[in-house]
Amino acid sequence: MRIFSGIQPTGRKHLGNYIGAIVQYVEGQQRAADAGDVAIYCVVDLHAMTVPWNPVEMRERVYDTAAILLAAGLDPEKCVFIRQSDVPEHTELAWHLGAVTAHGDLNRMHQFKEKSARQRDLVSADLFTYPVLMAADVLAYRANEVPVGDDQRQHVELMRDVAQRFNERFGDVLVVPELKIPSVGARIMDLQNPTSKMSTSSDSPEGTVYVLDDAKATEKKFKRAVTDSDDPPQIVAGDKAKPGVSNLVDILAATRGCTPAEAIASLADARGYGDLKVATANAVNELLEPVRARYAELRPDEAKLEAIFAEGAQKAREITVPVLQDVRRAIGVGPKPR
Ligand code: TRP
(Lines give C-alpha, C1' and ligand atoms only; values in the text may rest on other atoms or scores of the structure.)
Protein backbone atom coordinates (compact mmCIF):
# COMPACT_ATOMS: atom_id res chain seq x y z
CA MET A 1 0.00 0.00 0.00
CA ARG A 2 1.69 3.16 -1.23
CA ILE A 3 0.43 6.62 -0.30
CA PHE A 4 0.95 9.89 -2.13
CA SER A 5 -0.27 13.33 -1.18
CA GLY A 6 0.61 16.87 -2.09
CA ILE A 7 0.33 20.05 -0.05
CA GLN A 8 0.37 23.66 -1.22
CA PRO A 9 3.31 25.78 -0.03
CA THR A 10 1.76 28.29 2.34
CA GLY A 11 3.00 29.08 5.82
CA ARG A 12 -0.55 29.61 6.91
CA LYS A 13 -1.75 26.13 7.70
CA HIS A 14 -4.84 26.24 9.89
CA LEU A 15 -6.41 23.86 12.36
CA GLY A 16 -8.57 22.26 9.65
CA ASN A 17 -5.46 21.53 7.56
CA TYR A 18 -3.73 20.19 10.63
CA ILE A 19 -6.48 17.85 11.80
CA GLY A 20 -7.77 17.01 8.34
CA ALA A 21 -4.55 16.47 6.44
CA ILE A 22 -1.33 16.75 8.40
CA VAL A 23 -2.33 14.31 11.16
CA GLN A 24 -3.35 11.82 8.43
CA TYR A 25 0.05 12.22 6.79
CA VAL A 26 1.84 11.33 9.98
CA GLU A 27 -0.44 8.33 10.51
CA GLY A 28 -0.03 7.31 6.85
CA GLN A 29 3.76 7.26 6.91
CA GLN A 30 3.60 4.65 9.67
CA ARG A 31 0.82 2.63 8.07
CA ALA A 32 2.68 2.51 4.74
CA ALA A 33 5.96 1.59 6.44
CA ASP A 34 4.23 -1.17 8.45
CA ALA A 35 2.91 -2.57 5.17
CA GLY A 36 6.47 -2.67 3.79
CA ASP A 37 5.82 0.26 1.48
CA VAL A 38 6.20 3.99 1.66
CA ALA A 39 4.25 7.24 1.84
CA ILE A 40 5.37 10.12 -0.38
CA TYR A 41 4.54 13.67 0.69
CA CYS A 42 5.18 16.49 -1.69
CA VAL A 43 5.27 20.28 -1.31
CA VAL A 44 3.76 21.33 -4.62
CA ASP A 45 5.64 24.45 -5.64
CA LEU A 46 4.81 23.89 -9.33
CA HIS A 47 1.11 23.89 -8.56
CA ALA A 48 1.59 27.15 -6.68
CA MET A 49 2.60 28.83 -9.94
CA THR A 50 -0.79 28.25 -11.53
CA VAL A 51 -2.00 31.54 -10.05
CA PRO A 52 0.07 34.74 -9.64
CA TRP A 53 3.03 34.24 -7.32
CA ASN A 54 6.06 36.03 -6.03
CA PRO A 55 9.28 34.09 -6.75
CA VAL A 56 11.07 35.21 -3.57
CA GLU A 57 8.11 34.43 -1.36
CA MET A 58 7.58 31.08 -3.03
CA ARG A 59 10.86 29.73 -1.65
CA GLU A 60 10.08 31.02 1.82
CA ARG A 61 6.62 29.45 1.82
CA VAL A 62 8.07 26.11 0.72
CA TYR A 63 10.43 26.20 3.71
CA ASP A 64 7.59 27.26 6.02
CA THR A 65 5.48 24.34 4.85
CA ALA A 66 8.32 21.86 5.11
CA ALA A 67 9.11 23.01 8.64
CA ILE A 68 5.44 22.72 9.69
CA LEU A 69 5.17 19.18 8.33
CA LEU A 70 8.41 18.07 9.94
CA ALA A 71 7.42 19.75 13.22
CA ALA A 72 4.12 17.88 13.09
CA GLY A 73 5.94 14.58 12.91
CA LEU A 74 6.74 13.74 9.30
CA ASP A 75 9.94 11.77 9.52
CA PRO A 76 12.16 11.84 6.44
CA GLU A 77 13.58 8.49 7.54
CA LYS A 78 10.13 6.92 7.45
CA CYS A 79 8.53 8.62 4.45
CA VAL A 80 9.69 10.21 1.22
CA PHE A 81 9.43 13.95 1.69
CA ILE A 82 9.95 16.02 -1.44
CA ARG A 83 9.63 19.36 -3.13
CA GLN A 84 7.78 18.78 -6.39
CA SER A 85 10.19 20.73 -8.59
CA ASP A 86 13.13 18.58 -7.44
CA VAL A 87 11.77 15.47 -9.17
CA PRO A 88 11.65 16.12 -12.92
CA GLU A 89 9.64 12.96 -13.65
CA HIS A 90 6.51 14.74 -12.39
CA THR A 91 6.61 17.28 -15.20
CA GLU A 92 7.69 14.80 -17.82
CA LEU A 93 4.86 12.43 -16.98
CA ALA A 94 2.42 15.35 -16.99
CA TRP A 95 3.21 15.87 -20.65
CA HIS A 96 2.68 12.21 -21.49
CA LEU A 97 -0.59 12.10 -19.57
CA GLY A 98 -1.79 15.21 -21.34
CA ALA A 99 -2.01 13.05 -24.46
CA VAL A 100 -4.70 10.88 -22.84
CA THR A 101 -6.55 13.66 -21.02
CA ALA A 102 -9.66 15.10 -22.62
CA HIS A 103 -9.67 18.87 -22.95
CA GLY A 104 -13.39 18.74 -22.24
CA ASP A 105 -12.81 16.99 -18.92
CA LEU A 106 -10.36 19.68 -17.79
CA ASN A 107 -12.92 22.27 -18.78
CA ARG A 108 -15.41 20.72 -16.37
CA MET A 109 -13.18 21.03 -13.30
CA HIS A 110 -14.89 23.11 -10.60
CA GLN A 111 -11.61 24.41 -9.29
CA PHE A 112 -10.55 25.63 -12.72
CA LYS A 113 -13.87 27.42 -13.19
CA GLU A 114 -13.60 29.11 -9.79
CA LYS A 115 -9.95 30.05 -10.02
CA SER A 116 -10.09 31.22 -13.63
CA ALA A 117 -13.07 33.44 -12.83
CA ARG A 118 -11.00 35.08 -10.08
CA GLN A 119 -7.97 35.92 -12.30
CA ARG A 120 -7.78 39.59 -13.22
CA ASP A 121 -5.46 39.38 -16.22
CA LEU A 122 -3.99 36.03 -17.20
CA VAL A 123 -5.70 32.66 -17.00
CA SER A 124 -2.63 30.52 -17.62
CA ALA A 125 -2.43 27.22 -19.46
CA ASP A 126 -0.86 25.83 -16.27
CA LEU A 127 -4.03 26.62 -14.34
CA PHE A 128 -5.98 24.65 -16.94
CA THR A 129 -3.65 21.64 -16.88
CA TYR A 130 -3.22 21.71 -13.10
CA PRO A 131 -5.08 18.36 -12.71
CA VAL A 132 -2.78 16.68 -15.26
CA LEU A 133 0.30 17.57 -13.19
CA MET A 134 -1.55 16.38 -10.11
CA ALA A 135 -2.27 13.07 -11.85
CA ALA A 136 1.41 12.79 -12.77
CA ASP A 137 2.44 13.45 -9.14
CA VAL A 138 0.59 10.35 -8.02
CA LEU A 139 0.93 8.07 -11.06
CA ALA A 140 4.72 8.53 -11.25
CA TYR A 141 4.91 6.52 -8.01
CA ARG A 142 2.23 3.93 -8.80
CA ALA A 143 0.64 5.04 -5.52
CA ASN A 144 -2.52 3.26 -4.38
CA GLU A 145 -3.95 5.77 -1.96
CA VAL A 146 -4.42 9.53 -2.22
CA PRO A 147 -5.48 11.27 1.01
CA VAL A 148 -6.94 14.66 0.11
CA GLY A 149 -9.69 17.03 1.17
CA ASP A 150 -13.13 16.80 -0.36
CA ASP A 151 -12.33 19.80 -2.60
CA GLN A 152 -9.85 17.58 -4.49
CA ARG A 153 -12.30 14.75 -5.17
CA GLN A 154 -12.88 15.71 -8.81
CA HIS A 155 -9.14 15.91 -9.48
CA VAL A 156 -8.59 12.42 -8.11
CA GLU A 157 -11.47 11.07 -10.18
CA LEU A 158 -9.90 12.62 -13.26
CA MET A 159 -6.55 11.08 -12.37
CA ARG A 160 -8.19 7.65 -12.14
CA ASP A 161 -9.78 8.11 -15.57
CA VAL A 162 -6.47 9.21 -17.04
CA ALA A 163 -4.64 6.18 -15.58
CA GLN A 164 -7.35 3.86 -16.90
CA ARG A 165 -7.28 5.41 -20.35
CA PHE A 166 -3.49 5.19 -20.44
CA ASN A 167 -3.55 1.51 -19.45
CA GLU A 168 -6.30 0.65 -21.95
CA ARG A 169 -4.30 2.18 -24.73
CA PHE A 170 -0.73 1.18 -23.79
CA GLY A 171 -0.98 -1.82 -21.46
CA ASP A 172 -0.91 -2.20 -17.70
CA VAL A 173 1.72 0.39 -16.89
CA LEU A 174 0.10 2.65 -14.30
CA VAL A 175 -1.72 1.98 -11.03
CA VAL A 176 -5.24 3.40 -10.68
CA PRO A 177 -5.20 5.06 -7.25
CA GLU A 178 -7.98 5.27 -4.67
CA LEU A 179 -9.29 8.46 -3.17
CA LYS A 180 -9.14 8.71 0.61
CA ILE A 181 -11.01 11.54 2.26
CA PRO A 182 -10.27 12.02 5.96
CA SER A 183 -13.45 12.12 8.01
CA VAL A 184 -12.57 14.59 10.74
CA GLY A 185 -10.83 17.61 9.28
CA ALA A 186 -13.45 18.09 6.63
CA ARG A 187 -15.76 19.12 9.42
CA ILE A 188 -13.66 21.80 11.10
CA MET A 189 -15.65 25.00 10.65
CA ASP A 190 -14.85 28.70 10.91
CA LEU A 191 -15.19 29.88 14.53
CA GLN A 192 -16.99 33.08 13.49
CA ASN A 193 -19.00 31.53 10.71
CA PRO A 194 -19.59 27.94 11.75
CA THR A 195 -21.57 27.00 8.65
CA SER A 196 -18.48 27.52 6.42
CA LYS A 197 -15.34 25.45 6.49
CA MET A 198 -12.34 26.94 8.26
CA SER A 199 -10.16 28.48 5.56
CA THR A 200 -7.32 30.91 4.98
CA SER A 201 -9.55 33.14 2.89
CA SER A 202 -12.23 33.64 5.52
CA ASP A 203 -14.02 37.01 5.75
CA SER A 204 -13.32 37.06 9.48
CA PRO A 205 -9.66 36.36 10.32
CA GLU A 206 -10.75 35.70 13.91
CA GLY A 207 -12.56 32.58 12.75
CA THR A 208 -9.44 30.77 11.56
CA VAL A 209 -6.93 29.29 14.01
CA TYR A 210 -3.47 28.91 12.50
CA VAL A 211 -0.98 26.25 13.52
CA LEU A 212 1.56 29.03 14.06
CA ASP A 213 -0.70 31.35 16.06
CA ASP A 214 0.65 31.70 19.58
CA ALA A 215 -1.21 30.26 22.55
CA LYS A 216 -2.67 33.62 23.58
CA ALA A 217 -4.03 34.39 20.12
CA THR A 218 -5.50 30.90 19.93
CA GLU A 219 -7.24 31.33 23.26
CA LYS A 220 -8.64 34.67 22.19
CA LYS A 221 -10.10 33.25 18.99
CA PHE A 222 -11.82 30.45 20.88
CA LYS A 223 -13.16 32.82 23.54
CA ARG A 224 -14.77 34.86 20.76
CA ALA A 225 -16.12 31.84 18.92
CA VAL A 226 -19.76 32.12 17.87
CA THR A 227 -22.06 29.76 19.80
CA ASP A 228 -25.78 30.38 20.39
CA SER A 229 -28.07 31.88 22.99
CA ASP A 230 -29.67 28.70 24.33
CA ASP A 231 -30.47 29.17 27.99
CA PRO A 232 -29.49 27.00 29.73
CA PRO A 233 -26.58 26.30 27.37
CA GLN A 234 -26.68 22.95 25.62
CA ILE A 235 -23.38 21.29 24.75
CA VAL A 236 -24.12 18.86 21.94
CA ALA A 237 -22.52 17.42 18.82
CA GLY A 238 -23.71 17.06 15.26
CA ASP A 239 -26.66 19.41 15.67
CA LYS A 240 -27.28 21.39 12.48
CA ALA A 241 -29.28 23.96 14.42
CA LYS A 242 -26.27 24.54 16.70
CA PRO A 243 -23.30 24.72 14.31
CA GLY A 244 -21.03 26.81 16.57
CA VAL A 245 -21.33 24.54 19.61
CA SER A 246 -21.16 21.37 17.50
CA ASN A 247 -17.97 22.65 15.88
CA LEU A 248 -16.30 23.34 19.23
CA VAL A 249 -17.22 19.86 20.44
CA ASP A 250 -15.82 18.35 17.22
CA ILE A 251 -12.58 20.30 17.62
CA LEU A 252 -12.30 19.31 21.26
CA ALA A 253 -12.83 15.64 20.39
CA ALA A 254 -10.45 15.68 17.42
CA THR A 255 -7.67 17.40 19.34
CA ARG A 256 -8.04 15.14 22.36
CA GLY A 257 -8.40 12.06 20.17
CA CYS A 258 -11.69 11.07 21.79
CA THR A 259 -15.29 10.81 20.59
CA PRO A 260 -17.66 13.81 20.66
CA ALA A 261 -19.72 11.96 23.28
CA GLU A 262 -16.66 11.64 25.51
CA ALA A 263 -15.84 15.31 24.99
CA ILE A 264 -19.39 16.25 26.01
CA ALA A 265 -19.26 13.97 29.05
CA SER A 266 -16.06 15.69 30.18
CA LEU A 267 -18.02 18.95 30.28
CA ALA A 268 -20.89 17.68 32.41
CA ASP A 269 -20.05 20.30 35.08
CA ALA A 270 -19.73 23.18 32.62
CA ARG A 271 -21.57 26.28 33.69
CA GLY A 272 -21.75 27.73 30.20
CA TYR A 273 -20.23 27.87 26.76
CA GLY A 274 -17.24 29.67 28.30
CA ASP A 275 -16.08 26.39 29.81
CA LEU A 276 -16.41 24.64 26.46
CA LYS A 277 -14.40 27.39 24.78
CA VAL A 278 -11.64 27.32 27.36
CA ALA A 279 -11.43 23.51 27.30
CA THR A 280 -11.21 23.54 23.51
CA ALA A 281 -8.60 26.30 23.42
CA ASN A 282 -6.52 24.42 25.97
CA ALA A 283 -6.75 21.15 24.04
CA VAL A 284 -5.76 22.89 20.81
CA ASN A 285 -2.83 24.62 22.48
CA GLU A 286 -1.72 21.38 24.09
CA LEU A 287 -1.69 19.78 20.66
CA LEU A 288 -0.04 22.66 18.81
CA GLU A 289 2.43 24.13 21.30
CA PRO A 290 5.02 21.35 20.78
CA VAL A 291 4.58 21.71 17.01
CA ARG A 292 5.14 25.47 17.26
CA ALA A 293 8.27 24.94 19.37
CA ARG A 294 9.74 22.42 16.92
CA TYR A 295 8.84 24.71 14.04
CA ALA A 296 10.81 27.53 15.64
CA GLU A 297 13.84 25.24 15.80
CA LEU A 298 13.52 23.80 12.31
CA ARG A 299 12.53 26.79 10.21
CA PRO A 300 15.75 28.86 10.50
CA ASP A 301 17.97 25.99 9.37
CA GLU A 302 17.33 26.21 5.64
CA ALA A 303 20.49 24.23 4.82
CA LYS A 304 19.07 21.32 6.81
CA LEU A 305 15.71 21.64 5.04
CA GLU A 306 17.50 21.58 1.69
CA ALA A 307 19.43 18.48 2.75
CA ILE A 308 16.15 16.78 3.66
CA PHE A 309 14.68 17.68 0.25
CA ALA A 310 17.81 16.45 -1.53
CA GLU A 311 17.59 13.11 0.21
CA GLY A 312 13.87 12.91 -0.50
CA ALA A 313 14.38 13.60 -4.19
CA GLN A 314 16.95 10.86 -4.39
CA LYS A 315 14.63 8.32 -2.78
CA ALA A 316 11.76 9.53 -4.95
CA ARG A 317 13.67 9.09 -8.17
CA GLU A 318 14.48 5.49 -7.31
CA ILE A 319 10.75 5.00 -7.83
CA THR A 320 9.95 7.49 -10.58
CA VAL A 321 12.82 6.92 -13.00
CA PRO A 322 11.88 3.26 -13.65
CA VAL A 323 8.18 4.18 -13.94
CA LEU A 324 9.00 6.82 -16.55
CA GLN A 325 11.14 4.31 -18.38
CA ASP A 326 8.13 1.99 -18.60
CA VAL A 327 5.92 4.86 -19.73
CA ARG A 328 8.35 5.97 -22.43
CA ARG A 329 8.67 2.43 -23.73
CA ALA A 330 4.93 1.96 -23.78
CA ILE A 331 4.18 5.16 -25.68
CA GLY A 332 7.05 4.86 -28.15
CA VAL A 333 9.28 7.77 -27.25
CA GLY A 334 13.02 7.50 -26.70
CA PRO A 335 15.25 4.70 -27.93
CA LYS A 336 13.88 1.35 -29.06
CA PRO A 337 13.78 -1.05 -26.09
CA ARG A 338 16.27 -3.88 -26.51
N1 TRP B 1 -4.14 19.97 -5.47
C2 TRP B 1 -3.88 19.59 -4.11
C3 TRP B 1 -4.44 20.67 -3.19
O4 TRP B 1 -4.59 21.79 -3.57
C5 TRP B 1 -2.40 19.46 -3.87
C6 TRP B 1 -1.82 18.34 -4.68
C7 TRP B 1 -0.96 18.48 -5.73
C8 TRP B 1 -2.03 16.96 -4.48
N9 TRP B 1 -0.62 17.26 -6.20
C10 TRP B 1 -1.25 16.30 -5.49
C11 TRP B 1 -2.80 16.21 -3.59
C12 TRP B 1 -1.27 14.91 -5.61
C13 TRP B 1 -2.79 14.83 -3.71
C14 TRP B 1 -2.03 14.19 -4.71
O15 TRP B 1 -4.71 20.37 -2.05
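Predicted model: local features only at pLDDT ≥ 70, side-chain atom pairs only at ≥ 80, totals over all residues.
Local features were taken only at pLDDT of at least 70 and side-chain atom pairs only at pLDDT 80 or more, while totals for chains, interfaces and linings use all residues. Residues are numbered from 1 along each chain as its sequence is written, and side-chain values use heavy atoms, with hydrogens and water left out.

Strand β1 covers residues 3–7 (helices, H or I of at least four residues, and strands, E of at least two, are DSSP runs numbered from the N terminus). Four of its five residues are buried, so β1 is largely enclosed by the rest of the structure (buried means under 20% relative accessible area, exposed over 50%, and partly exposed in between, with a 1.4 Å probe and protein chains only). β1 runs parallel to strand β2 (residues 39–43), and five bridges join them (strands pair if DSSP finds at least two bridges between them). I3 has A39 of β2 as its bridge partner. Between β1 and β2 the chain passes through helix α1 (residues 15–34), in a right-handed β-α-β crossover (right-handed if, with the strands pointing away from the viewer, the path from the first strand over the helix to the second runs clockwise).

No disulfides were found in a search of the whole structure (a disulfide is a pair of cysteine sulfur atoms within 2.5 Å). For C42, the nearest cysteine sulfur is that of C79, 11 Å away. C42 counts as buried because its relative accessibility is 0%, whereas C258 is partly exposed, at 22%.

Helix α7 (125–139) is among the contributors and supplies the largest share, five residues.

One cavity of 30 Å³ or more is present. The largest cavity, of about 40 Å³, is lined by residues including Q111, F112, F128 and H155. Here too α7 gives the most, with four residues.

Key. 1 Å grid on protein atoms, 1.4 Å probe; cavity = no way out; pocket = protein on both sides within 12 Å on 5 of 7 lines; lining within 4 Å. Points joined across faces, edges and corners; volume = space filled by probe spheres on them.
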